[in-house]
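Hi everyone, thanks for coming. Let me put today's structure up on the screen, and then we'll talk about charged side chains.

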Amino acid sequence: MRLPGFLTRSWQVFSRPATRLSLGFLTLGGFLAGVLFWGGFNTALELTNREAFCVGCHEMRDNVFEELKTTIHFSNRSGVRASCPDCHVPHGWTDKIARKMQASKEVWGTIFGSIDTRDKFVAKRRELAEHEWARLKANDSLECRNCHSAASMDITRQGARAARVHDAFLFTGQRTCIDCHKGIAHRLPDMHGVPPGWSETVAGTPATSGPWPTPAATR
């Protein structure tokens, strides 16, 4: 199969050794092209790593973003606010690229209208939440630990239940943040069959018991 003439000619131009350009010019040109490409790539990456981009579609703006507005991560006495990328995109470059590749699948959901109505979103809330719980569980709640550090945590200034659970589970490495804080920024789905992270017994010491909030209170 023969290629069209313009493709053949273009390939010949790109593959033919330069006869009129110096090695220095080609090296400098390649370097500048690389800088422009890298700068453009990182600019585009950061533009997609902003809250405005995240809530650009109505599925996010009208559902999870509205829920975030009611939490302490959005409005608090200190004025420090966590935005969508803070909790859903790792800060490290390699981890960030891997997360962006995962998130590219979400574009298909927007194209095909998987959650383009409130009813569709509520019906898939549990499935969507489970995907994010699994991701955070697998990376040891990396995004949480970008701001929160167990090493800097003073449990003597916490409530009795929080101090007991952190001491029994977090400091021993038996749990990670997402095990107990699943509803920290968004409403919980139907939690039937999902045991609270604090509900088990560790080393013979009963942990604080209690169920998740009821779905009726979190819908």
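So, which helix does Lys100 lie in? That's helix α6, residues 93-103, where helices are DSSP runs of H or I, at least four residues, numbered from the N terminus. Quick housekeeping: this is a predicted model, so local features need pLDDT of at least 70, side-chain atom pairs count only at pLDDT 80 or more, and totals for chains, interfaces and linings use all residues. Residues are numbered from 1 along each chain as its sequence is written, and side-chain values use heavy atoms, leaving out hydrogens and water.

Back to Lys100. It's buried, yet has no salt bridge. Buried here means under 20% relative accessible area, exposed is over 50%, and partly exposed is in between, with a 1.4 Å probe and protein chains only. A salt bridge needs a side-chain nitrogen of Lys or Arg within 4 Å of a carboxyl oxygen of Asp or Glu. For Lys100, the nearest side chain of opposite charge is Glu46, 7.6 Å away; Lys and Arg count as positive, Asp and Glu as negative, with His and the chain ends not counted.

How many salt bridges are there in the whole structure? The search finds 14. One of them joins Arg135 and Glu143, with the closest N and O atoms 2.6 Å apart. Arg135 counts as buried because its relative accessibility is 12%, and Glu143 is buried too, at 3%. Both belong to a network of salt bridges that also links Arg99, Glu106 and Glu132.

Then there's Lys69 with Glu66, at 3.2 Å, N to O. Lys69 is partly exposed at 36%, and so is Glu66 at 39%.

Notes. Helices (H or I, at least four residues) and strands (E, at least two) are DSSP runs, numbered from the N terminus.
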